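Trainee: I have a structure to read and would like to learn how to go through it feature by feature. Could you guide me?

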Amino acid sequence: MKFIRIKEILNRSTIAIVVGAGLALSAVGNAQTVSDGSVPSTGLNIPDQLTIFGENNPNIRRATAVVNGDIITGTDVNHRLALIVAANGGTVADEERKRLRLQVLRNLIDETLQIQEAEANEITIAEAEVESTFQQVAQQNFKQDIDAFDQYLRTQGSSTDTLKRQIKGELAWSRLLRRNIQPFINVGDEEVNTIIERLNASKGSTEYRIGEIYMSASQETSAQVDENMKNILEQIRGGGSFVAYARQFSEASTAATGGDLGWVRPAQLPQSLAEVATQMQVGQVVGPVPVPGGFSILYLIDQRQILVADPRNAILSLKQLAISFPQGTTEEQAAARANQFATATQNIKGCGAANEVATALGATIVDNDQVRLRDLPGPLQGTIAELSIGQASQPFGSVAEGVRVLILCGRDDPQSAAAPSFDQIMSQLENERVNKRAQIYLRDLRRDAIIEYN
């Protein structure tokens with residue numbers, strides 16, 4: 001018999017590459033893609049011939065760039081690049097590595113400008129706040145202590161300092177936007193009420209949760225940007241982290257949240273993106289898609305019907321029975337044991353009898369009363385959704401990891417989906433407008449910057 005190969009259904013922990021950890025910054029919430037008029041037509045006006053001033057002392061580490069007097073070293077670039085390479089399984093072609101290195105330098109320049117502007121506005125981020133956020137990232141995404149996390153980063157050719165710098169930049173920029181832009185954003189009650197009316201009228205239609213990587217392009221740079229984005233797309237399809245690439249390369253303000261636009265309806269997107277999004281399958285990545293001012297790569301995270309309860313949000317009470325195989329067990333031996341296991345578990349008369357059956361089979365038991373159906377691996381969702389209370393699934397697993405079954409002990413289906421509240425819609429509109437203004441703000445900082453390259 002064949003059985004599905006799936007790792008750790010219950011009580012599983014996912015170790016994510018830390019660069020893909022989207023910090024939940026309140027000022028950069030469910031933002032829209034860059035608007036048609038928000039991207040200036042000019043870029044950084046940097047002379048072709050640039051030198052680094054100062055003594056040419058070989059004993060002094062030379063800068064890759066100097067941004068308004070602040071130095072970005074080659075080590076800074078290497079450590080940040082190492083995070084991206086790690087997110088791609090440690091394998092990146094030499095040509096792609098060169099392109100990524102240039103993009104990382106651009107990102108570090110932007111990050112430096114953001115920190116400088118925050119400091120110019122007397123906004124300082126305490127080291128204790130950076131440390132606290134760093135620990136949250138380590139615990140939530142690496143699930144080990146700080147020492148182990150530090151060691152992991154070192155083995156990847158990076159360091160805690162480079163991640164803390166990125167955290168500091170995101171916190172500083174977020175706080176600056178809240179102070180200098182957010183108070184001057186106005187959203188009228190009438191606008192919110194109009195959206196609520198549209199939502200009610202659109203009940204049952206589909207909305208999409210989309211990730212986006214946006215890069216601006218002029219007529220002169222269009223071909224090069226298109227080629228760069230094709231390379232990024234190839235890396236993501238090859239197993240690279242979409243979130244990692246979005247955080248490092250996207251020029252949209254949603255970069256800080258891994259490119260997540262949140263839940264949007266096609267009418268909220270530029271026409272070219274809307275046409276693509278409605279044809280995508282969940283989990284699919286496509287691009288580059290031409291949009292006003294540049295190109296985008298889209299990732300369809302999920303989709304749902306507006307104001308309609310999603311059956312995948314059902315809360316399940318599950319009991320997992322698992323058996324393992326001794327070292328050296330062959331596929332044939334495992335299949336025979338799995339068949340015996342399947343026969344015994346299929347005859348279970350409800351969860352009350354599961355413990356007795358498990359003891360007879362020498363199986364281990366795990367209980368979980370708060371499992372959302374949508375959180376199960378895709379191949380299992382359909383199977384579990386069709387079970388009646390007390391029924392067991394077909395066995396799944398592998399020789400190396402053992403075989404499991406899930407018994408459905410209870411199910412609480414979701415109630416009818418409620419429309420977003422007035423305040424939630426108001427907050428989303430405000431965030432969208434803050435993010436559009438933030439794009440213009442950063443472009444102005446780039447134009448005014450004095451940058452020297454080594």
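Trainee: How many salt bridges does the count come to?

Mentor: Before counting, note that this is a predicted model, in which local features need pLDDT of at least 70 and side-chain atom pairs count only at pLDDT 80 or more, while totals for chains, interfaces and linings use all residues. Residues are numbered from 1 along each chain as its sequence is written, and side-chain values use heavy atoms, with hydrogens and water left out. A salt bridge is a side-chain nitrogen of Lys or Arg within 4 Å of a carboxyl oxygen of Asp or Glu, and by this rule the count comes to 14.

Trainee: Which parts does the pair R247 and E170 tie together?

Mentor: Helices (H or I, at least four residues) and strands (E, at least two) are DSSP runs, numbered from the N terminus. The side chains of R247 and E170 form a salt bridge with an N to O distance of 3.0 Å. R247 belongs to helix α8 (residues 242–249) and E170 to helix α5 (residues 160–180), so the pair ties together parts that are 77 residues apart in sequence.

Trainee: Where do E251 and R443 lie?

Mentor: Their side chains meet in a salt bridge of 2.8 Å, N to O, which links distant parts of the chain, with E251 in the loop between α8 and β4 and R443 in helix α13, 192 residues apart. Both E251 and R443 are buried.

Trainee: In what order do the strands of the sheet with β3 and β4 stand?

Mentor: Two strands pair if DSSP finds at least two bridges between them. Four strands form an open sheet in the order β4-β3-β6-β5, with antiparallel pairing, and its edge strands, β4 (260–264) and β5 (285–291), each pair on one side only. Strand β3 (residues 206–216) is joined to β4 by three bridges, with R209 partnered by W263 and G211 by D260. β3 also pairs with β6 over 11 bridges, where E207 stands opposite R304. Nine of the 11 residues of β3 are buried.

Trainee: Which helix lies across β3, β5 and β6?

Mentor: Axes are lines fitted to C-alpha atoms, for helices over the stretch in contact (heavy atoms within 4.5 Å), and angles run from 0 to 180 degrees between N-to-C directions. Helix α7 (residues 222–237) lies across those strands and runs at about 165° to β5.

Trainee: What is the order of the strands in the sheet with β7 and β8?

Mentor: This open sheet of four strands has the order β8-β7-β10-β9, again with antiparallel pairing, and the edge strands are β8 (364–372) and β9 (396–398). Seven bridges join β7 (residues 315–323) to β8, and K319 stands opposite D367 in β8.

Notes:
Buried means under 20% relative accessible area, exposed over 50%, partly exposed in between (1.4 Å probe, protein chains only).
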